[in-house]
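Visitor: I would like to learn how the labels given to a model follow from its values. Could you walk me through a few?
Guide: Gladly; here is the model, and we can begin with a single residue.

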Amino acid sequence: MNNDTLKNLLKNGAIWGFIVLELVFFEVAGSWWSLSDNAFMDLDNMLLLLKQSAPIGIIAIGMTVIMINGNIDLSVGAIFALSAIVMLDSMSWPFMEAMGDGAIPLAWLFALLTGCLLGFVNGMVVWKTGVDAFIVTLGAMLGYRGLVFMYNGENPTFHLNWTMVDIAEANVLGFETPALVFLAVVLVVWLLMTRSIHGRNAYAIGDNREAAVNAGIRVGPHFLINFVLIGFLSALSAVAFYSGSGSVNPNDGMLFELWAITAVVLGGTKLTGGRGSIIGTFGGVIAIQLLRKGLGHIGANSETVNLVIGSILIIVLLLDRQLNRKGAEELKV
Amino acid sequence: MTELTPALRLEGIVKTFPGVRALDGVSFTVLPGEVHALMGENGAGKSTLMKVLGGIYQPDEGKIFIAERETVMISPLEAKAKGVMFIHQELSLAQELSVAENIYLGELPRKSFGRVDWKTLFDRTDAILDKLKVGFNARTRVGDLSIANQQMVEIARALTVDAKAVIFDEPTASLTDAEKVVLFDVIADLKAQGVGIIYISHRMEEIFRMTDRISVLRDGSYRGTLETAKTNEDEITQMMIGRSLDLTRNFEHVQTGDVALRVEDLSCGHLFQNATFEVRQGEVLGFYGLVGAGRTEIAETLFGLRKPTSGRIFLKGKEVRISSPIEAISNGISLVPEDRKAQGLVLGMNCRDNITLPQVSDLRAGPFVAEGAEVAIYDQYRDRLAIKAPSWRAIAGNLSGGNQQKIVIGKWLSMQPEVLIVDEPTRGIDVGSKSEIHNLLRELAKQGYAVIVISSEMPEVLHVSDRIVAMYHGEITREFTAEEVTEDSLIQAISGISGDAA
Amino acid sequence: MAEAMVKSVGGVLARQGILVAFLVFMIGFTFWNPRFIDIDNVFGVIRSSAILGVMALGVTFVVIGGNLDLSVGSMLSFSAIVVLDLHENPAFGPALAIPAMFAMTLCLGALNGFLIGYLRLNSLIVTLGMLSAIHGLTLTYSGGQNMDIANQSATWFDVFGRGSALGIPVPVLIFALLAAFLGIVLAKTPFGRKVYAVGGNGTAATFSGIPRARVVFLTYIISAFCVATAGLIQASRTMGAQNTVGQGLELEVLAAVILGGASLLGGSGTIFKTVIGVLILGFIQNGLLLAGLEFYVQFVVTWVIIILAVWLDIATKRGKLWSPIA
């Protein structure tokens, strides 16, 4: 029992231990070898880090919910891009232009609705056809990306509205808007997963789907809601990011799905469903971003980041397996 | 007693699956405040019947009455709403959630904005858990509980509703004696409240201790109901298997040959300890014991699937080390595993490919698989074992249980083993195929194979074995010859009662 | 009688649905535009599908064995960059660069195979990690620079991508020969049978004395070999490569394999069907281009086709169109 508690502590705390390790390492390495003049654990640096992790982070939070269900969503990158295009393009529609700055919230609304709609399509297909979510969203990843290109060909879409940029770069107590949105999403979804009936059902479905069905939980609509949620969050991520930048390329958001999944898995969510936490994913997102910044801080090539993150993902998996071993009596299959 | 409105009444329930008539007109009545045992061999239709009652299956014909009201139950949820609770044998809990969340799964108390009302949830749950006198509380994570305690969570679920009838499916299978006492108290409580209880168990001792009446199923049909106080084990057993046990006893003595396999002091952690036994060519050695007694684990160790912690294995007098199935096979050991679908067959493959799977590397014409030779092997074992399949192209998953089992046996016979281990040879197989497989096992011994049969069914072990090894809690407690074995002594040997009269 | 007819037609549709769809599509497009099956056009399509196709052959083994390989895209970038770099290295030259690149790529495949086969780690996460790690490795190797062959006229290296033999483009030849070879390996050899067994039911395969770990390991070696071959074609065709040349290909390859009818659960699929899957993607793209549509319209069409194909497949298996999910 004691051993189990230790294991659980290790499992749940691992990501935070890792973050502390990163902080200490980069701080010490940075100053000892005089690779950098600045301190690493600098407040501004940390605030910037939070802002930079927002786009992937917001999506990763949604991915956590989907993966706790035992599903996966590979189309988030394309949803991200399409929502961004809708937002920027809608600003130049005649009736929107006529509204001036009043069009901004409307543009956001259009983007978020786009995300919800695309998520809704995925959810309905998963529910009604019974095709595995991996395949459905793999198809949607291609299909939605096709829609992105069809919208504006291979050209970038832009629309710069200075009011929108100001809002995106607004600063509350040092937190810029994307960081605030990210933190708010973490808080709300955390409450959803830990306090609400929907959230608790999500764990039950991922853990033991048959038991959940037998207990009368309607799995189909539940999946649908979560796919709409991740669509919404992908669009929200686009809103937070592109309001400031004002320009979107049709290839933007590619591989976001893989980064998001990496963060979720690092945060301790099981691929098979039923286990995982929003806070863990938050940790996973921060850990990845720290690694990116930290390696830059000590002067390592930015290229090594991918190498290190990939290796860490595999090592985490190995450690997890070691922790879950049953010992010598195990059946060898 | 007859004045009472029955809690539950079944009338002519029929349920068929492709190729099988699983339930053939089952009718019986459970009175309020009665503990009603449902007995029958594995495959007799008990679990199908319970799934019909639990709303998981819909019957093809027949009616269900709850408190004399005709009821159609299209889902487990509806069954629950109508007051029929089903305590599963296989646990159906979400490991990551708390005890309370599991008990109220699907109907968590709700506050505004879809929030869970934790206080109500925990209070209600703790009230139920108090009744059950368990050592955990509402907030405990289910994954941290022992299997026995998880079983108690399942039971607690049944207490949350105003149940008319509660079905217990083998509830004591994983409970300790102390936990059983608690369970029996709970059942007595329910009974006192006037709930009708269906109690499924193979354990005669519990049946006689707990129940008021006993209904028996055989091959999917209802065989009658007995008053527990006015019957005995023999009568029940006869109803269950349809013939007298003694006639099926195996006394024919075959000429046994050399010792094919000898095992000395074999142990594997706490799974089993100091197993010592031998099998000769031309005999069937039966292993009998409760599930979890270590029988299957011994077989898996002999087949190289588990690493023994100590002990020695001799084949034809020569000591061997077996660390993988490949080595076991090359040493002439074959294992027909316990779980046909999960371990025995690649269900999506055709019959021929399944039969030749262990030797596919050896059946070659140049770099290719010699498909002609494969078909020849399939034909040979189809004829020898009377496998009924449309052709070798038939997908294994589409065959009946009996034919699937013959494919697995054929697979291992085609390896020409010295020692053939068969784990639960007839689990989930219809009666016709059952006796065919029993005869086959006897026949194989006659042909000089050394055969080990592991079974949970006493009639089966008694029928096919020349000698019987009894196991209890990982240890071999006694060894019997076919002549000396009696049911009583066998039951004592597998339940840890030291009947050291011998 | 008529009912039996309907049933058998239904059966053929269910089993060979994707082939039937392919033929219908081809015939339809040919009526619309006869240029569609013009021999040059057909070779053109196959040639442009060859890189995706060769990769899909290897991934077919992995998927039938019950696993995934998401690392093939970045592995392709790796092999293309490495072979180009070594080609420019005077110590190697083309004759040594190619085997050296194959050896290095196979090492990556071996690492995948070791982690997934022998250590039994989840293939989705391992190859996801490898996707990232190999991408990093490639960037580190190249220093972030694109690779180009400086003197393009002085080398025979372009033969794999641009050459032709017997009037057939070399990439098409490589794809066809490799498909034939691997198709025979999968369908006719003991090893192929074991791949199906391991993917169909790994536990039963172990209980039948099949070395599951080794079989899985070898599927990843085959996958890496195919990626190396595709990387060679890619590098030779463009005589230069970006670090990200294979980015995103892993999921397109998987789409082709699934379109061919391989189940992600493992144990089913064939090389022939994968080739059909690849060709469908290629001809759809080509047909849409001939119709004057942009290349990206194919993405949308592919999306619809994949979901319809898989849906049809599982609907016939369960005997119901709509899913039983409540």
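Visitor: Why is His473(B) called exposed?
Guide: This is a predicted model, and in it His473(B) has a relative accessible area of 60%.

Visitor: Where is His473(B) placed in chain B?
Guide: His473(B) sits in the loop that runs between strand E21 (467-472) and strand E22 (475-481) of chain B. Its phi is near 50°, a positive value in a residue other than glycine.

Visitor: What makes Ala67(B) partly exposed?
Guide: The relative accessible area of Ala67(B) is 35%. Buried means under 20% and exposed over 50%, with partly exposed in between, so 35% puts Ala67(B) in the middle class. Ala67(B) also has a positive phi, near 50°, and is a residue other than glycine. Its loop lies between strand E4 (61-66) and strand E5 (69-71) of chain B.

Visitor: Now to chain A. How many helices and strands does chain A have?
Guide: Chain A has 14 helices and four strands.

Visitor: What share of chain A is buried?
Guide: Of the 333 residues in chain A, 56% are buried, each having under 20% relative accessible area.

Notes: Residues numbered from 1 in each chain as written. Chains lettered and ligands numbered in written order. Predicted model: local features only at pLDDT ≥ 70, side-chain atom pairs only at ≥ 80, totals over all residues. Heavy atoms only, no water. Helix = DSSP H or I, 4+ residues; strand = E, 2+ residues; numbered from the N terminus. Buried < 20%, exposed > 50% of the residue type's maximum accessible area, 1.4 Å probe, protein only.
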